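Have the viewer open as you read.

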Amino acid sequence: MARIGVDARLTYYRRGGISQYIEHLIHFFATLDVENQYFILQSRKDRRNLAATPNQHRVYCWTPAHNRFERLALAVEVFPLWLDLLHSPDFIPPVGGRYRSVITVHDLTFLHYPAFLTPDSRRYYNDQIEAAVARADHIIADSEATRVDAINLLDVPPEKITAILLAADEQFRPAPPEEIARIRAIYHLPSEYLLFVGTFEPRKNLGGLLRAYALLCTRLADAPPLIMAGQRGWLYDEVFDLIRQLKLSERVSWVENVPYPDLPALYSGAGLLCLPSFYEGFGLPPLEAMACGTPVVVSNRASLPEVVGDAGILIDPDDTASIADALYRVLTDSALAADLRQRGLARAALFTWQETARQTLAVYRRVLEQI
């Protein structure tokens with residue numbers, strides 16, 4: 001019987017894709033592994049208890065996530081637990097320790113596109129990544145694209161890193177008409193709209209999307225409005241300045257901090273989802289949209305082709321005309337849109353969090369066998 005720690009502190013501080021990843025792993029570990037003992041490291045401020053079964057135990061941690069001293073401080077908090085293995089899903093493990101270390105690298109944006117991060121974030125990741133990779137006994141990547149990046153950019157031995165793809169939550173499925181109508185009423189949405197979901201930050205290429213949408217409007221006078229749903233990242237003011245410059249204020253709306261339960265109906269009501277990112281370590285929104293039966297238009301970069309497969313339209317994020325043409329095709333070709341919906345539903349069904357958790361446990365077992 002092993003003593004396994006899972007660092008879940010980030011789930012209190014940031015409600016994004018990595019937090020979803022952590023919570024889904026813990027949830028499915030409860031049924032997939034009832035023998036080993038799990039110690040769930042949570043912020044002492046977090047009112048939730050992610051430990052759900054007798055072999056899962058909550059640990060109250062004082063060390064905040066993404067603190068400059070967290071590797072040292074967390075090492076002190078973990079020491080009394082006598083762990084055999086610690087999984088750091090946000091990739092930064094504590095210093096030292098007698099236990100085996102598994103980390104998850106979600107993306108390497110800070111190495112590919114350093115200009116897309118805030119100076120503080122860039123310093124944080126650049127200062128930590130080499131030490132984290134050296135300390136880890138094994139590394140998990142969200143996609144084969146990220147795995148290859150880690151091998152090429154960080155000199156990680158291929159046998160030391162495993163690609164384990166993520167999944168969409170089970171709540172993402174085509175919403176019934178009455179639920180779509182309810183969400184439209186809450187957010188004052190039109191009957192038809194195009195959708196972007198994600199953080200407002202440079203790597204999402206919102207400038208390219210807006211310029212492509214402006215081109216679309218010149219070709220299709222009755223093009224549906226564009227709804228941008230997400231959280232403010234950084235340099236988001238430039239997005240709103242561009243909307244004004246392109247004279248799209250009447251056609252582009254922003255919905256901030258949509259509650260997670262509202263997302264399936266938001267996706268289901270959209271004519272399509274467009275994510276023209278320059279880089280994604282995985283990209284959950286396209287997978288969630290496909291699970292809801294919504295056609296997707298995504299970049300042909302990094303992990304996105306791996307996630308979407310032949311179920312979406314791939315575009316060059318540097319080519320505004322390419323993005324606009326893809327939007328036009330989906331909106332004007334009903335047969336294409338119907339085909340993408342069916343392909344998307346079938347593609348999304350291939351990804352499950354249970355399988356992600358099962359493969360993660362297999363990594364744990366391999367690492368523990370090295371003791």
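S8, helix H8 (residues 206–219) and S9 form a β-α-β unit that is right-handed (with the strands pointing away from the viewer, the path from the first strand over the helix to the second runs clockwise). Helices (H or I, at least four residues) and strands (E, at least two) are DSSP runs, numbered from the N terminus. This is a predicted model: local features need pLDDT of at least 70, side-chain atom pairs count only at pLDDT 80 or more, and totals for chains, interfaces and linings use all residues. Residues are numbered from 1 along each chain as its sequence is written, and side-chain values use heavy atoms, with hydrogens and water left out.

S9 has a parallel partner in S8, with four bridges, and another in S10, with five bridges; pairing takes at least two DSSP bridges between two strands. Leu 195 sits opposite Ile 227 in S9, while Gly 230 faces Glu 256 in S10.

Now the charges over rings: NZ of Lys or CZ of Arg within 6 Å of the ring centre and within 35 degrees of the ring normal.

| Charge | Ring | Distance to ring centre |
|---|---|---|
| Arg 44 | Trp 62 | 3.8 Å |
| Arg 219 | Tyr 328 | 4.0 Å |
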